[in-house]
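Let's take a friendly walk through a protein chain, one piece at a time. Have the sequence and the 3D view ready, and look for each residue as it comes up.

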Amino acid sequence: MLRIETNNEILEGEVGSVDDKGLRLELEKVRDIRRNFTYNTPQTLFYNQMIDIQIIPKKGSDDTKVNSEKIGTGDSSKAKCERHPTKAQKSMKPNSNGAAVDSVLDTNRAGLKLLHTRLPDAIHISQDDQKYQNALVDINHQSMVGVLIVPRLAGGNRKATILVVATSKNVYIFDMPTNGNSFCDFASTMESEWPRKALHNGHKQLENLKQFKLGGVFDTFVAYCLTTGKKTPETFEEIAQEILNLPPTYFESEESPQRDQHHLTQEWRSAIAKKALLQLKLAEHLLHEHMLMQFYRQCDEYSHTFSNDDDAFEVEQLLATKKAGFERIKLNDDWKTKLDPTFYFKSK
């Protein structure tokens, strides 16, 4: 049984068939919990419709491999379903839901639910007003933001740059002027080292930004190359699909930006806001799940030096030496040189 939340419904039903490649699910015996309505026919759901998904064990089931914890709010490692080896097919087929369901769950584990729930709230800023001031406060309180730089032609063929900034709370679409000091505070924030600015293939995007020099850049293409050992020209979409386990259909419905647009359509805003949010998620995932993985492992081992079964007196004696747990910190691990081969500690 699956429980799938969309913008308008919360559906419960049995998985009848799936499209592994397109990530399309067909539910049978479907009931909308929100309306207390039961459908007489199977319901087909596409990936972009799904906001959240849960596995619900059938009543009386003793299957310990299925857990009903909500993805994104608990320990995602607890939510499991038995995997069945299948090949991706273009057509719908029965009895092959394991891999597709796992793919949906893995995507939610990456925190991508925010991409669905926050897109309608993208804030368009074109002048120094209260929205602009609130955006500056939000951005300056972040440690990292997602950045997307989009060139376009405005009225009269005047060159303009759209700069999209995604924070942990909001997405801001800045219509950048070509001259003047209206956005000098914003420019100062973008030039500073903090917050870090996550963008992809920065050398290509920054070619379109002439108003100021972006500081504190975290380039996800560079991070991808360093963590995977690959140096091939994959696109942002290809890397996001690989690292965040996104389905191939994730980007298919996006509207391509038109450089001669004077007024941004809602579809256009949603597309670039979605990409900026995904940029932030990709950077956070590469940093914390790959680049700092060994560091976090050592922190976990050091923090759990003692267990509840250890003798209290022995623990007290070890703590008195002030070196308890030191053996769990591996100074010869190569995580440090991978991140910064020239690193050295400066004492004050």
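## Starting point: Ser 188

At 44% relative accessibility, Ser 188 counts as partly exposed, because that label covers values between buried (under 20% relative accessible area) and exposed (over 50%), found with a 1.4 Å probe and protein chains only. Ser 188 is found in helix H4. Its C-alpha atom is separated by 9.2 Å from that of Leu 214, 26 residues apart along the chain.

This is a predicted model, in which local features need pLDDT of at least 70 and side-chain atom pairs count only at pLDDT 80 or more, while totals for chains, interfaces and linings use all residues. Residues are numbered from 1 along each chain as its sequence is written, and side-chain values use heavy atoms, leaving out hydrogens and water.

## One side of helix H4

Helix H4 spans residues 184–191, and its buried residues are Phe 186, Ala 187, Thr 189 and Met 190. They cover an arc of only 160 degrees around the axis, so they sit on the same side of H4; the arc is that of the directions from the helix axis to the C-beta atoms. As background, an α-helix has 3.6 residues a turn, so residues three or four places apart point the same way.

## The whole chain

The chain has 11 helices and 13 strands. These are DSSP runs, numbered from the N terminus: helices are H or I with at least four residues, and strands are E with at least two. Of the 348 residues in the chain, 41% are buried.

Contact means heavy atoms within 4.5 Å. Among contacts between residues at least 6 apart in sequence, 59% join residues at least 24 apart.

Strand S1 (residues 2–5) pairs with S2 in the antiparallel sense over 4 bridges; two strands pair if DSSP finds at least two bridges between them. S1 and S2 form a hairpin with 4 residues between them, and Glu 5 stands opposite Ile 10 in S2.

S2 is also joined to strand S3 (residues 24–32) by 7 bridges, and these two run antiparallel. Here Asp 19 stands opposite Arg 24 in S3. How many of the 10 residues of strand S2 are buried? The count is 7, so S2 (residues 10–19) is largely enclosed by the rest of the structure.

## Two nonpolar cores

A nonpolar core is a set of buried Ala, Val, Leu, Ile, Met, Phe, Trp, Tyr and Cys residues joined through side-chain atoms within 4.5 Å. The largest one has 22 residues, of which Ile 243, Leu 246, Leu 278 and Leu 282 touch the most other members. Helix H6 (220–228), helix H7 (236–244) and helix H8 (266–291) each supply at least two residues of this core, and the largest share, 6 residues, comes from H8. A second, separate core of 20 residues includes Leu 136, Val 147, Val 165 and Leu 199.

Not counting residues up to four places away in sequence, Ile 243 touches Tyr 224, Leu 282, His 285, Leu 286 and His 290.

## Cysteines and a buried valine

The structure holds 0 disulfides, a disulfide being a pair of cysteine sulfur atoms within 2.5 Å. Cys 184 is partly exposed, because its relative accessibility is 42%, whereas Cys 225 is buried at 13%.

Val 315 lies in helix H10 (residues 312–320). Is Val 315 buried or exposed? Its relative accessibility is 17%, so Val 315 counts as buried. Val 315 touches Phe 306 and Asp 310, not counting residues up to four places away in sequence.
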